[in-house]
Structure formats: structure tokens, C-alpha cells
Amino acid sequence: MRPFLKWPGGKYRIIDRIRAKLPMGRRLIEPFVGSGAVFLNVDYDAYLLSDINEDLIHVYKTLQEHGEAFISACERLFTEENNTSERYYELRTEFNETTDVWRKSVLFLYLGRHGYNGLIRYNKDGGYNVPFGRYRRPYFPEKEMRFFAERSKSARFVCQDFRHVMEQAKSGDVVYCDPPYVPLSSTANFTDYAAGGFGPKDQQDLADLAASLGEQGIPVLISNHQSEFTEAAYRLAQVERFDVQRFISCDGRNRNTAKEVLALFGAVPE
Ligand SMILES: C[S@@+](CC[C@H](N)C(=O)[O-])C[C@H]1O[C@@H](n2cnc3c(N)ncnc32)[C@H](O)[C@@H]1O
């Protein structure tokens with residue numbers, strides 16, 4: 001099933017590869033859950049799902065708690081009158097000003113489907129600043145939301161930094177990590193999913209934590225771009241490399257050229 005949110009770096013297109021590499025276990029932990037493409041397409045007894053983007057986690061918790069009532073409230077915003085640039089910017093301003101979690105979550109879903117090119121972007125003060133997308137008729141993901149709501153009955157959602165989430169892993173857990181990509185060149189920007197960014201130290205901490213959990217017998221699978229950095233940082237892992245077509249890229253010249261890696265720490269030797 002496809003996720004109901006468009007999300008930069010979403011892994012729906014490579015779900016089969018990820019599924020094939022994810023070990024079995026009782027609970028799946030995703031410290032970078034994003035749109036939940038992996039959570040929605042695997043089968044564990046329980047899930048611990050986290051992301052640093054608080055707006056995203058509020059949407060998931062609201063859907064989990066209120067189901068149909070939340071889906072209907074979101075659908076009411078998908079009208080022809082609301083699909084104009086004037087209305088989009090009014091609703092975006094409302095989103096940035098409101099502190100009401102329900103309303104903010106309804107607006108987040110509207111903005112994601114009416115905004116430009118599936119981007120998620122915030123300015124340095126934390127204001128959501130994606131421009132209007134000019135889609136003729138934005139799709140309302142009703143069946144995708146229902147599916148997510150049903151699945152979320154066995155999930156716990158938290159908004160925490162990945163380090164904190166990974167520290168909670170225990171025997172029987174499997175961890176899937178999909179961090180923001182390592183930039184392909186020093187000039188490439190990368191997506192600001194939330195104010196703050198994700199730098200080299202974060203990437204290194206993630207690799208270190210994965211190696212340490214792997215040593216304790218808790219498998220950790222990480223996806224990333226292949227780069228000099230990942231080749232060094234994931235040297236203790238079992239690594240698979242493959243080509244993937246990219247749709248969201250800041251640097252048009254890099255389109256289609258990046259290799260992706262899946263690095264499994266703590267794999268049981270064959
Ligand atoms: C590549 S996306 C994950 C996409 C997801 N696998 C999917 O299929 O939609 C990376 C995610 O990491 C989150 N993130 C960034 N920094 C983080 C941090 N320090 N701790 C936890 N999550 C973080 C972003 O908000 C974003 O949702």
C-alpha cells in the first residue's frame with residue numbers, strides 16, 4: 001500500500017529490496033519513519049515509529065486516535081475553491097500560526113497535496129514555506145489513510161531524535177533507518193525536513209549506533225546514497241549496492257546517476 005503523504009526520499013519504489021533484506025523479529029523500530037512506506041508494507045507484531053518532524057507525528061497520532069473523523073475533516077479541504085494560490089497561501093499562514101494540533105494536522109495533509117512537487121520545507125524559524133503546486137485536481141488519499149489507521153493499532157508514534165529512539169532497542173527488535181541522504185557533492189543542498197538539518201556528525205553517530213546494536217545481536221538496516229562516506233562508515237555491515245531512479249533531486253545533473261546502498265549491521269552470518 002502506498003503512503004498517504006508524499007514525502008521526499010520516500011522508499012515505496014524500493015520496498016521489495018528493503019523487505020528482502022529486513023530480518024524477522026518481533027518489533028520493527030523506524031527512527032526516520034517519514035511517510036511510513038516501510039511500516040505499511042512489512043509484517044511485525046509491533047512498531048515503534050519516530051521522526052523529528054513534529055507536524056508529521058501529530059498527523060499520525062491524530063489519525064490513529066480519531067480515524068474516520070479525521071479523514072472526513074481532511075477531505076473537506078479538498079475542494080475546487082481551496083485549489084487556488086490565494087487560498088493555499090491563506091491556509092499555509094493559518095497552518096504556521098495555529099497551535100491547535102487537530103487543525104494543524106488537517107492543514108498539513110492539505111498542504112502536502114496542494115504544495116509544490118511533494119516538497120516538505122521549513123524556513124529557519126520553523127515556518128512551513130513550500131509554494132503552491134498548481135495541480136489540476138489534487139488526489140485525496142482516503143483509502144491510504146484508512147489502511148494506515150488500521151495498521152497503526154499496533155504502532156507507537158514518538159517525535160524523538162534517532163539517537164534516543166535507537167537507545168530503546170532491545171533483543172527481538174529490528175531497526176530500519178532511512179536518514180536524510182548523505183549529500184552527493186559539497187554543493188548539493190539537501191531537503192530540510194525540519195529546522196536544523198542533518199550533518200556529517202549525525203551520519204557518523206547513526207553508523208556507530210548501528211554497529212553497536214549489531215554487536216548486541218539487534219539487526220539494523222540503513223539505506224543511503226553510496227558515497228565515500230558510506231563506504232567507510234558501513235564497512236562493518238553487509239552492504240548491497242544498486243541503481244535507483246531519482247525523482248526529487250536538487251541537482252538535475254545527478255538525476256539517474258546515484259547508487260543506493262542498503263547496509264545491514266548485525267546480520268547472522270550465512
Ligand atoms: C529519507 S526520509 C525517510 C523516508 C521514509 N523512509 C519514507 O519511506 O517515507 C528521512 C526522515 O528523517 C527525519 N529526520 C531528520 N533528522 C532526524 C533526526 N535527527 N532524528 C530523527 N528523524 C530525523 C526527517 O524528518 C525525514 O522524515
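**Notes on the fold**

1. Seven strands make up an open sheet of mixed pairing, and their order across it is β3-β2-β1-β4-β5-β7-β6. The edge positions are taken by β3 (155-158) and β6; each has a single partner strand, so one side of each has no neighbour in the sheet. Ignoring direction, neighbouring strands of this sheet are turned against each other by 15 degrees on average. Please keep in mind that this is a predicted model.

2. Overall make-up. The protein has nine helices and seven strands. The C-alpha trace spans about 60 × 40 × 30 Å along its principal axes. Of the 270 residues, 36% are buried. Among contacts between residues at least 6 apart in sequence, 70% join residues at least 24 apart.

3. Strand β4 (173-177). How many of the five residues of β4 are buried? Five of the five are, so β4 is largely enclosed by the rest of the structure. In a regular strand, side chains alternate between the two faces of the sheet. Both faces of β4 are covered: buried D173, V175 and C177 lie on one side, and buried V174 and Y176 on the other.

4. Partners of β4. Strand β1 (residues 27-30) runs parallel to β4 and is joined to it by three bridges. L28 has V174 as its bridge partner in β4. β4 and β5 also run parallel, with three bridges between them. Here C177 stands opposite I222 of β5.

5. Of its six residues the number buried is zero, so β6 lies largely in the open, whereas β4 has five of five residues buried. The edge position of β6 leaves one of its sides without a neighbour in the sheet. β6 pairs with strand β7 (residues 259-265) in the antiparallel sense, over six bridges. Within this pairing, E240 has L262 as its bridge partner in β7, and V239 stands opposite A263.

6. Residue Q238. Q238 is found in β6. It counts as partly exposed, because it has 17 C-beta neighbours inside 10 Å; the cut-off for buried is 20 or more. Leaving aside residues up to four places away in sequence, Q238 touches L264 and A267. A267 is 29 residues from Q238 along the chain, yet their C-alpha atoms are separated by 7.3 Å.

7. Nonpolar side chains tend to be buried together in soluble globular proteins. In this model the largest nonpolar core has 56 residues, and V175, C177, A210, L213, V220 and I222 have the most contacts inside it. The element that gives the most to this core is α5, with six residues. At least three residues come from each of domain 1 (12-53 + 159-265) and domain 2 (62-145).

8. Contacts of V220. Which residues does V220 touch, not counting those up to four places away in sequence? They are V175, C177, A210, L213, G214, F265 and G266. Of these, V175 and C177 are buried residues on one side of β4. V175, C177, A210 and L213 are also among the residues with the most contacts inside the largest nonpolar core, as is V220 itself.

9. Positive phi values. Two residues deserve a look at the backbone. N117 is not a glycine, but its phi is positive, near 55 degrees. N117 lies in the loop between α5 (101-114) and α6 (142-151). R134, also a residue other than glycine, has a positive phi near 55 degrees. R134 is placed in the loop between α5 and α6. Are these two residues buried or exposed? N117 is exposed, because 12 other C-beta atoms lie within 10 Å. R134 is exposed, with 12 other C-beta atoms within 10 Å. The cut-off for exposed is 12 or fewer.

How values were computed:
Residues are numbered from 1 along each chain as its sequence is written. This is a predicted model: local features need pLDDT of at least 70, side-chain atom pairs count only at pLDDT 80 or more; totals for chains, interfaces and linings use all residues. Helices (H or I, at least four residues) and strands (E, at least two) are DSSP runs, numbered from the N terminus. Two residues are in contact if their C-beta atoms, placed from the backbone, lie within 7 Å. A nonpolar core is a set of buried Ala, Val, Leu, Ile, Met, Phe, Trp, Tyr and Cys residues joined through C-beta atoms within 7 Å. Domain bounds come from an automatic or database domain assignment. Two strands pair if DSSP finds at least two bridges between them. Axes are lines fitted to C-alpha atoms, for helices over the stretch in contact, and angles run from 0 to 180 degrees between N-to-C directions.
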